[in-house]
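Dear colleague,

Please find the structure we spoke about below, followed by notes on what was found in it.

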Amino acid sequence: MSDNTGSHPAGAHPTTRHPMTGNEMSAAAAGGMERHTYDVVVVGAGGAGLRAAIAAQDAGARTALVCKSLLGKAHTVMAEGGIAAAMGNRWPEDNWEVHFRDTMRGGKMLNNWRMAQLHAQEAPERVQELEDWGALFDRTEDGLISQRDVGGHKYARLAHVGDRTGLEMIRTLQQRAVHLGIDVFMECTITDLLKDDGVISGAFGYWRESGRFITFEAPSVILATGGIGKSFKVTSNSWEYTGDGHALAMRSGANLINMEFVQFHPTGMVWPPSVKGLLVTESVRGDGGILKNSEGKRFMFDYIPEFFKSETADTEAEADRWYDDKKNNRRPPELLPRDEVARAINSEIKAGRGTPHGGIYLDIASRRSPEFIRKRLPSMYHQFKELADVDITAEPMEIGPTCHYVMGGVEVDADTQESAVTGLYAVGECSGGMHGSNRLGGNSLGDLLVFGKRAGEAATAYATSLGEARPQVDEADVKAAQVSALAPFEVEGGENPYTIQSDLQQSMNDLVGIIRTASELEESLSRIEVLKKRAETMVVEGHRQYNPGWHLALDLRNMLLVSEAIATAALARQESRGGHTRDDFPQADDAVWGRKNLVVSTDDSGQGVVLREQPLPEMPEDLKKYFAPAAAESPAASKEGK
Amino acid sequence: MGYDLKMRVWRGDIDGGDLADYTVEVSEGEVVLDALHRLQATQAGDLAIRWNCKAGKCGSCSAEINGRPRLLCMTRLSDFDESETITVTPMRSFPVIRDLVTDVSYNYEKAKELPGIALGPRDADGKRRMAQIDVERGQEFRKCIECFLCQNTCHVVRDHEDNKPAFAGPRFFLRYAELDMHPLDTHDRRELAQGAAGLGMCNITKCCTEVCPENIQITDNAIIPMKERVADRKYDPLVWLGNKIGLRNKDYEGRTEV
């Protein structure tokens, strides 16, 4: 494979063609390699990456923001419901302690307590900051930022803009980043991290547009690459979600934790097949939508677990009163945490009470006026109307669980987001710990902002502390990265990556899905071994310029490694908790499994994974009090009598 | 249920290209992007397509379908007769990179030229207050998914490449209008909108509004009001007199011209 940038005559492209990205696309560039030096390189430009880059730039770092897609297209745009932050605009009783408790309970106490605490404490200011930068949130009657309900949060807490909060967030951060003049490298994929004597020295990747290679020399790299959903067949995630950050971190020697916990969002579209898995926001339920089976029964009352009994309504009458009077009524069971609702839906479908297209009904049409629905849920109205010919103001939606989010990710220090590798940070979905075994709705957007800022600042502080004594990029590593990236072009007679990806997705969906058993997990691991063998000889047609087949071939390596990490951890955890449900171990086992995280890293060959157990970080006494049986109500309970 | 769809897809790069004929199996409920993905997976592994969310929310997969600027993921095959050949070409106003992928950096350049938001200080309790009715005007414009179909369609640049340096385009007129209508912003960007952004070049043919997948009323709610505001500032003799004798338009009170 020769370098193909020559397909563009040099004269046709003035070197100013991509002034924003610095992508010169010139055929004359020696060896087709471009080099840049920065203090901080942020990989991924969703909410976490953008917030990290803004923080780094603000802290004085020379900052590069590198993303696989165009700026502003990252998966954060798909976030619908809102940003969880205890601002108390709707409920003055709300505060960080209540939010902290909700987060820990939602994660079935497996969360990193310090991350949950920092998140609850700092999210309100991070939201206010977005408003300073131009975000236009929906308002309360008093003109404050409005807050809405979703599952697992005691109070209406999600700052939102209709049901397109993610778009508002990414656009606000994008406009801020552009305003600050941060260097953005769009449609540029990082394939390797570079190290010098055990610490980060840079990153290597390629321009998707030209296929040309690019090397960043930088002592700090922040991974903000999002999740792993593309390893599953039915998913709400976009093509970018191939676990790049997870895999890059593992290969460079960092650890992943909690990888067995994958969130299946209870409500994804099931029809038509073309949109199967596409997200239906939890706000439909927060705004009054209920779940019904094919017999018309509102079945969630049959699935209230002991753990949440005291705070969940047990009659339809009480549940319906709650929307207007939260003080004297308990929450509807439709607003239990996502893992509970997804399992209930799965059980109803398995019991034969599903809809014609294999889902169950989500009904808001019979409960709210068409005007209310169109006003509060404009994107959902549009989405169903345009893609499924369903008018959600007149008829129920058909929905079913869809792979949505991975709680697991790079193990990081709670305060700085630094991984086990010096100079390597991870934020947002590709980091782990914050959400424990199950994430509450709205806690992802807050997570991106709170820890994005923290990582950007910590990465800058570290880079600055080095002075002139920076780690160096080893040319041999760059050469090896090039060879590795071009390998799919060298093979002859292998299969195409699309087929291997499709087989992986089917296998993960069938064997590592919402309900798991030992035999199926073992089967999935042996299938992954076969897929890894097949991937060694996969072949790519065409050349390096904007070649999706090549891009997939490189991403597929990450998907395979991360899938193996998920299946390995899922097999080891012999209990059911949060986003991990074992048919053969249906109960949570607090005495044994409630006390430890599973940690995954690469084996000596670098091609497989090894697993070890690690005790949970110990929560300090002054936080434990929120979870003592006597405090079963909530930290704010005493204030509620007013 | 399923049937064989005939497609013509533009393949090529900056040096030229041509429509290639394909036949691809499709099924009920699918969109044009599904058909292209199946082509990619089975017949044309290196077919370049830009896409992300496949749900009409990210604005990546803009192209022209039978000559009409549209999102590939929101164009349903059921809109066409099964015997009809669907032709897919890249957006015409931007330089092609490869196949259906174009170089949209023009738009990112224009975004950089726009002065950002400048709010005053927060209220004493650290919060800001705005009425829902006041934020709704800007919220309509912030629904924009930056698919750039409006930019692609606007004849000011579609037919006149040389206008690009002086013309920000409908997407950024939206942004000007949004900032101008923000209840707490402190800058007056009317001069910039008219001058540097080329608002005056728009002759309100509404082509941009017609292709907007978010149904934003770009012309009626953003461009025309902005034109009126600019005209107020420049030509209205009463405004001129008001300025002279110290009676100013309240809408712009406290705003600084940038």
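Which radius of gyration does chain A have, and how does that agree with a compact globule of 642 residues? With 642 residues, a compact globule would have a radius of gyration near 26 Å, and chain A, at 24 Å, agrees with this; the radius is taken over C-alpha atoms, and the globule rule is 2.2 Å times the number of residues to the power 0.38.

Please bear in mind that this is a predicted model, in which local features need pLDDT of at least 70 and side-chain atom pairs count only at pLDDT 80 or more, whereas totals for chains, interfaces and linings use all residues. Residues are numbered from 1 along each chain as its sequence is written, while chains are lettered from A and ligands numbered from 1 in the order in which they are written.

Taken along the principal axes, the C-alpha atoms of chain A fill a box of roughly 75 × 50 × 50 Å. Chain A has 16 helices and 21 strands (DSSP runs numbered from the N terminus, helices being H or I with at least four residues and strands E with at least two). Of its 642 residues, 62% are buried, that is, 20 or more other C-beta atoms, placed from the backbone, lie within 10 Å of the residue's own.

One strand to look at is β10(A), residues 213-217, where 4 of the 5 residues are buried. Strand β1(A), residues 33-37, runs parallel to β10(A) and is joined to it by 5 bridges, with His36(A) having Phe216(A) as its bridge partner. Strand β9(A), residues 199-207, pairs with β10(A) in the antiparallel sense, also over 5 bridges (pairing requires at least two DSSP bridges), and here Gly202(A) stands opposite Glu217(A). The hairpin of β9(A) and β10(A) has 5 residues between the strands, and Gly211(A) takes a positive phi near 80° in it.

As for the interface, 53 residues of chain A are in contact with 49 residues of chain B, contact meaning that the C-beta atoms, placed from the backbone, lie within 7 Å. On the side of chain A that touches chain B, α3 (113-132), α4 (165-180), α10 (378-388) and α15 (548-572) each supply at least two residues, and the largest share, 6 residues, comes from α4(A).

Finally, the domain assignment, which is automatic or taken from a database, gives domain 1 (264-403) and domain 2 (476-615) of chain A, and their C-alpha centres lie 32 Å apart. The contact between them takes 6 residues from domain 1 and 5 residues from domain 2.

With best regards

Note on methods: Contact = placed C-beta atoms within 7 Å. Buried ≥ 20, exposed ≤ 12 C-beta atoms within 10 Å, placed from the backbone.
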